[in-house]
Every structure is written in C-alpha cells, then in structure tokens.
Amino acid sequence: MFIDTHCHFDFPPFTDHLADSIDKIRQADIVGLIIPAVSANYFNTVLQLADNYCEIYAALGLHPIYQHTMADLELLTNIVKTKPKKLIAIGEIGLDRYDLSIDLQQQLSFFRSQLALAKQFDLPVLIHSRKAHDIMYHELHRANLPCRGVIHGFSGSYQQAMQFVKLGYYIGVGGVISYERANKTRNTIAQLPLESLVLETDAPDMPLSSRQGQINRPEYITEVFKTLTQLRNESAEHIRSTILINTLTLFNRINRMKITQNK
C-alpha cells in the first residue's frame with residue numbers, strides 16, 4: 001500500500017484520460033494521492049478531483065516560479081477558511097533560486113504569507129526548495145509551524161537534510177534516487193532516519209532513470225519504493241510500514257480508518 005505525497009494529477013496527461021489514470025493508481029495499490037496546486041488557476045480542479053475520488057487529497061498553494069497576484073493569495077486564504085473536507089496541506093510553496101531573474105523578495109513575500117496561513121489553520125506544507133536550502137531552513141525555523149511538512153524533491157547534502165529533519169520536516173523521496181549518478185542524493189537517502197522519509201513521484205515530472213523521456217506516472221511509486229529498499233538496510237516490509245505511518249502522522253486529515261481497513 002502506497003501514498004504518493006506529491007503528484008500533479010491535475011495536469012493534462014492524467015485529466016485527459018481520467019478514468020484510465022484512476023484505474024492505474026488503484027491497480028498499483030495506491031491508497032492515497034496528494035495533489036499540490038501550483039497556481040490559483042488549478043484550485044478548483046484540485047478540489048473537484050479530491051471530492052470525486054476517495055484516494056485523492058488536495059493541497060493548495062502558489063508555486064514560487066509561477067506569477068501570482070495578491071488576489072490569488074486572497075483567494076487561497078478564503079478557500080482555506082472554508083475548510084474543505086479533503087484539503088490536507090498548503091502547497092506547493094517555497095523558494096526557487098535556479099533562475100536568478102525571478103525576484104527573491106517577491107518569492108519570500110508569497111512564501112511567508114502561505115506559511116502564516118498554514119500555521120493559522122494547523123496544516124502541513126509541501127515545500128519546493130531549489131538551490132535555496134540555507135534560506136529555506138532559516139524561513140522554516142522562524143515560521144515554527146506546528147504541523148511542519150515535506151521538503152519535496154530533495155537533492156541536497158546529508159547535512160542539509162538533517163537540518164530540516166531536526167526541525168521536524170520529512171524528506172520527499174522520488175525518482176531521482178533511481179539515477180546512479182545522483183550519488184549525493186542516494187547516499188543521503190540511505191543514511192537519513194527512516195522515520196523522516198515519505199514517498200512521492202512529482203508526476204508527470206521527475207521520471208525514473210529507466211523511463212527517461214517518458215511521462216512520469218503516480219503508479220511508478222512502486223519503482224521508487226523498490227529502489228529505496230535497495231539503498232536501505234531495513235527490510236522492505238519495515239520500510240513500507242514505517243513510511244505509511246510517517247505519511248499518516250504528518251497528513252493527519254487523510255482518512256486513516258479507510259486505509260487501515262484496506263491494509
């Protein structure tokens with residue numbers, strides 16, 4: 001049984017063939033799938049998918065590399081205030097310093113506002129942090145969120161990962177660990193406490209090494225898991241059960257009863 005903690009299932013590769021896409025995740029024994037919105041344009045789609053399918057849960061946020069307005073932030077705030085039943089996180093939010101032409105101060109302004117929103121409504125966050133780990137650490141330390149969240153798509157050093165873990169954050173493990181050349185990330189994931197890891201695909205992005213050039217899919221989380229078991233010393237069953245517990249502990253609004261009954 002798997003929960004994909006980060007999948008852009010609201011994107012056309014999946015929404016264009018929705019019935020088939022849902023069937024595939026059910027065949028893969030995916031009992032939970034969290035969709036993080038990247039802009040206000042996707043809020044309604046994400047919420048509707050969550051309402052329509054028992055496996056799907058919603059996260060709403062404003063991604064740092066997209067253009068946003070204060071009206072978008074106000075819309076996000078107003079939706080969160082209504083407390084949609086299957087809204088379980090704020091995300092995808094964060095900082096991105098890959099393209100230095102994107103204004104950092106504007107990113108920080110939106111990011112801090114969304115952290116405050118998560119804190120106000122006791123929601124975890126799905127964090128995008130690219131070439132910004134040091135700044136990110138200081139922002140998260142200062143925000144002191146009660147629910148913490150996931151550092152999504154982590155590819156930094158072991159020392160950087162442990163800084164986030166000590167703050168109470170989980171590390172998202174995805175397809176990057178399938179690339180043998182990603183030695184730093186593979187070694188980091190192999191050494192981190194198992195209790196700090198959750199699984200994700202970032203589909204349709206971040207394909208596994210065996211599927212380069214293809215659209216990534218949430219059902220490939222089984223392959224991420226298999227690679228993880230090859231990197232770790234624990235048994236596959238212990239890894240599987242611990243990661244499920246980690247995920248349900250962080251995202252405590254997931255329907256735990258339904259998942260444990262299916263177990």
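The model is predicted, so local features need pLDDT of at least 70 and side-chain atom pairs count only at pLDDT 80 or more, while totals for chains, interfaces and linings use all residues. Residues are numbered from 1 along each chain as its sequence is written, and side-chain values use heavy atoms, leaving out hydrogens and water.

Turning to the overall fold, the protein chain has 11 helices and 8 strands; these are DSSP runs numbered from the N terminus, with helices being H or I over at least four residues and strands being E over at least two. Along the principal axes, the C-alpha atoms fill a box of roughly 45 × 40 × 35 Å. Buried residues account for 57% of the 263, where buried means under 20% relative accessible area, exposed over 50%, and partly exposed in between, with a 1.4 Å probe and protein chains only. Of the contacts (heavy atoms within 4.5 Å) between residues at least 6 apart in sequence, 72% join residues at least 24 apart.

Next come the cysteines. The structure holds 0 disulfides, a disulfide being a pair of cysteine sulfur atoms within 2.5 Å. For cysteine 54, the nearest cysteine sulfur is that of cysteine 7, 15 Å away. Cysteine 54 is partly exposed at 38% relative accessible area, whereas cysteine 147 is buried at 14%.

A cis peptide bond with omega of about 15° joins glycine 91 and glutamate 92, and glutamate 92 lies in strand β4, residues 87-96. Another cis bond runs from alanine 203 to proline 204, with omega near 10°; proline 204 sits in the loop between β8 (197-199) and α9 (221-231). Methionine 206 is also placed in the loop between β8 and α9, and has a positive phi near 55° without being a glycine. Its relative accessibility of 21% makes methionine 206 partly exposed. Arginine 148, not a glycine either, has a positive phi of about 60°. This arginine 148 lies in the loop between α6 (133-143) and β6 (149-152) and is partly exposed at 22%.
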